[in-house]
Amino acid sequence: MDDDLSGGDLTVIRVDHFFPHPPAKVWRALTEPELLVQWQMQGAEDFRLEVGHRYRLTSVPRPRTDFSGVVDVRVLAYDIGRMLRLRWADADPANPADWTITWTLEQEGRGTRLFLVHEGFDPDDPAQLMARRIMGGGWRSHVLRALGQTLEGIG
């Protein structure tokens, strides 16, 4: 896993991770609600693979990053088995978080190279920079580890 793919761009987090599972299995973990609930925030059970579909994720509020703990999510685009793009916006309109999350899958041998691009951070906002730092670490350590554990449990 490469921890610094942003190229110094403070508006984005880029993560590149290899999973020893075929792309179809990784795609299932990214798009099937009963699997999403195993590795994402509460509310993932309401996901539907449908452009325009909206649902809400909840987590712990982080006041230092201007995060209310509630994310309004909208499915922006997808290419079955290859790409999923979501809009994440803080449910509190006073908070500036309005991001795009894009998952891209590429077959690599018998496994999958999963790319995450989380973009839309404001480099002039100290709270957004703190959110980028925290979320960058969280994607790499907690989220991808939980996704890996979910993949191990899929038959």
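These legends describe close-up views of a predicted model.

**View 1. A salt-bridge network joins D16, E108 and R113.** D16 pairs with R113, with the closest N and O atoms 2.8 Å apart. D16 is buried, at 15% relative accessibility. R113 is buried too, at 19%. E108 is partly exposed, at 35%. The structure holds seven salt bridges.

**View 2. D98 and R87 form a salt bridge.** The N to O distance is 2.8 Å. D98 sits in strand β5 (residues 98-108) and R87 in strand β4, 11 residues apart. D98 is partly exposed, with a relative accessible area of 37%. R87 is partly exposed as well, at 26%.

**View 3. One cavity of 30 Å³ or more is found in the whole structure.** The volume of the largest cavity is about 40 Å³. Its lining comprises L30, L36, W39, Q40, F47, Y55, L84, L86 and W103. By class, eight of these residues are nonpolar, one is polar and none is charged.

**View 4. Helix α1 (residues 23-31) is mostly covered.** Seven of its nine residues are buried. They are P23, K25, V26, W27, A29, L30 and T31. L30 also belongs to the lining of the largest cavity.

**View 5. V51, Y78 and I80 form a nonpolar surface patch.** Together they have about 290 Å² of accessible area. I80 is in the loop between β3 (70-79) and β4 (83-90). I80 counts as exposed because its relative accessibility is 60%, and exposed means over 50%.

Definitions and conventions. Residues numbered from 1 in each chain as written. Predicted model: local features only at pLDDT ≥ 70, side-chain atom pairs only at ≥ 80, totals over all residues. Heavy atoms only, no water. Patch = residues over 30% accessible without salt bridge, like charges linked within 9 Å, V, L, I, M, F, W, Y side chains within 5 Å. Areas by Shrake-Rupley, 256 points an atom, 1.4 Å probe, with all protein chains shown as cover. Salt bridge = Lys/Arg side-chain N within 4 Å of Asp/Glu carboxyl O. Helix = DSSP H or I, 4+ residues; strand = E, 2+ residues; numbered from the N terminus. Buried < 20%, exposed > 50% of the residue type's maximum accessible area, 1.4 Å probe, protein only. 1 Å grid on protein atoms, 1.4 Å probe; cavity = no way out; pocket = protein on both sides within 12 Å on 5 of 7 lines; lining within 4 Å. Points joined across faces, edges and corners; volume = space filled by probe spheres on them. Nonpolar A, V, L, I, M, F, W, Y, C, P; charged D, E, K, R; others polar.
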